[in-house]
Amino acid sequence: MGKWWKKAFGYQIYIRSFKDSNHDGIGDIRGIIEKLDYLSYLGINLIWICPFFESPMDDNGYDVSDFYNVSGDYGDMSDIKELIAKAHQKKIKIIIDLILNQTSDEHHWFQESRKSKDNPYRDYYIWAPPRIIDGKQTEPTNWASFFGGSCWEYDQQTNEYYMKIFSRKMPDLNWKNPKVREEIINIAKYWLDLGIDGFRLDAVAHLGKSELIDSTYQTSEKYKPEWEKYSNLPIVHDYLRELNQKVFSKYDIVTVGEVGGRALVEDALLYVSPKRKELDMVFNFDHNWCNNGWNRKKGEKLKINVPLMKEIFNKWQSGLQGKGWNAIYWLNHDQPRVASHYGDSDYFQESVKMLAVCMYFMWGTPFIYNGEEIGMTNPKFKSIDDFKDVSIHNQYRINVLENKQDPDDFINQVSYSTRDNARTIMQWSNEEYAGFGKAKPWNMINDNYPIINVKDEIEDENSILHFYRKIIDIRLNSEYNNVITFGKYQQLAKEHSQMYLYLRQYRGKKILVICNLTCEKVKMDELGYKIKKIILSNYERKEVPFEFASYEAIVLEVE
Ligand code: GLC
Ligand code: CA
């Protein structure tokens with residue numbers, strides 16, 4: 001079967017914030033249909049749509065109560081069918097989230113499961129009795145949840161705890177149970193038979209859990225963040241091989257796993273090595289925190305940690321190439337906006353364009369996240385009410401309400417990293433509600449929508465949007481298509497403390513990508529290659545400069 005996805009350019013849609021077609025304040029499927037022309041104009045040929053299944057929306061749809069139905073917030077089955085057909089007419093493929101690790105506590109499996117210890121659905125989830133320590137009833141283990149607090153929730157009805165590594169409304173499925181695996185296989189088949197082109201496998205690294213033994217981490221927290229207790233365990237690969245054999249291999253699709261939890265290149269290879277027959281590629285999180293964000297003082301500017309970022313890119317590019325496919329991206333709905341995180345507000349256009357060059361000439365299938373292509377930024381959070389993310393509210397309860405952290409300190413601290421950064425309303429125009437719809441949206445709109453929006457950027461040929469369109473076009477449609485898709489990656493000037501340089505080469509064609517990751521000007525000696533052509537430049541250069549300007553990026557054909 002043809003590996004079409006090697007030549008795909010992906011675009012992630014956070015449906016709730018994307019476009020509201022029926023003016024109830026919530027993005028929806030028909031909103032995506034309305035914007036298919038825009039997506040064609042942008043030039044992408046693959047979309048990943050975040051969950052739109054029936055859900056109480058504790059975690060905006062990652063808490064599914066019915067995998068076979070569309071949430072009323074977003075439309076109905078006929079809308080999805082129409083979206084698939086219309087996207088396909090425009091040669092845009094669609095992947096959706098396959099949510100494997102958990103369901104909502106309102107899913108009927110869980111409603112049954114919690115009723116009694118002998119319920120036929122009991123083993124669909126992970127239940128364990130309390131422990132008595134120093135005469136007090138305690139959780140079965142001291143493991144932390146990703147969303148704060150314990151990874152266990154007490155359920156009175158049967159006097160046991162259920163595991164929940166995310167929110168208390170998201171009980172973890174018990175993948176040891178073959179019936180659970182069968183259910184997920186059926187769900188996957190159902191959506192593939194409807195015509196979707198693959199899956200992003202949510203939280204896939206966490207399907208296997210270790211023996212229920214306490215973490216020995218010596219940290220001050222009550223619950224220990226030893227993610228290795230439920231990340232990337234060998235058993236996960238057995239589950240994936242089963243899914244691959246029974247479903248994925250039977251369709252011409254793409255599968256992209258979300259592999260967090262401190263995954264190494266070696267871990268990633270186990271998922272994507274073709275001979276192992278598991279997944280086509282994975283998203284790793286390694287490059288997501290390469291700046292001074294965690295430790296900076298109040299008011300201090302964010303700055304890229306250049307050596308660290310270079311090392312990480314090089315590790316993943318060189319580590320996977322020739323051994324398995326790769327996915328490249330700056331951010332998704334769980335991360336801050338790249339323009340704020342790694343960009344520089346004093347050189348906004350330059351730095352944001354440079355970042356795009358830096359990432360999207362690398363090797364692997366790119367995924368951009370809605371709004372990235374216009375340079376959307378993190379919003380300003382003023383109070384706890386500005387946050388929608390369940391994990392922030394959990395942490396607020398623990399840190400501020402229970403442990404008396406100063407609320408302003410808390411907001412200052414989480415603003416840098418919160419997932420809410422990426423979830424503000426898509427900025428379509430400078431009209432009311434940023435052109436999202438005619439009703440007040442469910443979430444914040446960034447104050448900067450009058451200047452950062454799709455409509456104005458379409459009209460400005462120097463905009464970030466046009467720059468992204470150029471990159472996508474060069475990647476997919478130019479004579480450089482093969483060298484960017486398949487070319488060998490090689491980092492140059494490895495030790496340079498400001499510049500990131502890499503060469504891509506394929507069948508005699510070579511392109512050289514040069515990025516200044518800092519605001520300081522940089523003189524570079526001889527590049528060592530003969531320049532044939534300037535393919536792209538964020539300073540619109542006609543000649544390669546002797547001195548590179550702040551955040552300058554240039555892509556050259558060389559020999
Ligand atoms: C993934 C999703 C995230 C979600 C979590 C639980 O990390 O990207 O948004 O909260 O899984 O499903
Ligand atoms: Ca709507």
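I began with Asn22, which counts as partly exposed because its relative accessibility is 47% (buried means under 20% relative accessible area, exposed over 50%, partly exposed in between, with a 1.4 Å probe and protein chains only). I noted that this is a predicted model, in which local features need pLDDT of at least 70 and side-chain atom pairs count only at pLDDT 80 or more, while totals for chains, interfaces and linings use all residues. Residues are numbered from 1 along each chain as its sequence is written, chains are lettered from A and ligands numbered from 1 in the order in which they are written, and side-chain values use heavy atoms, with hydrogens and water left out.

I then listed the donors of the calcium ion (ligand 2), and found Asp20 (OD), Asn22 (OD1), Asp24 (OD), Ile26 (O) and Asp28 (OD) at 2.2 to 2.3 Å; donors are N, O and S atoms within 2.8 Å of the metal (3.2 Å for Na, K and Ca), and the site may look incomplete because water is not among the atoms. Along the chain these donors follow the spacing D-x1-N-x1-D-x1-I-x1-D. Asp28 is buried, with a relative accessible area of 3%.

I looked up α8 (residues 265-272) and α9 (residues 306-320), whose axes come within 10 Å and cross at roughly 35 degrees (axes are lines fitted to C-alpha atoms, for helices over the stretch in contact, and angles run from 0 to 180 degrees between N-to-C directions). Helices (H or I, at least four residues) and strands (E, at least two) are DSSP runs, numbered from the N terminus. In this pair, Val265, Ala268, Leu269 and Val272 of α8 meet Lys315, Trp316, Gly319 and Leu320 of α9, where contact means heavy atoms within 4.5 Å.

I compared this with α12 (residues 390-402) and α13 (residues 407-415), which pack at an angle of about 145 degrees with their axes 11 Å apart. Ile392, Gln395, Tyr396, Asn399 and Val400 of α12 make the contact with Pro407, Phe410 and Val414 of α13.

Lys277 lies in the loop between α8 and β13 (281-283), and counts as exposed because its relative accessibility is 54%. Ala493, also not a glycine, has a positive phi of about 45 degrees; Ala493 sits in the loop between β16 (488-492) and β17 (499-506) and is partly exposed at 34% relative accessibility.
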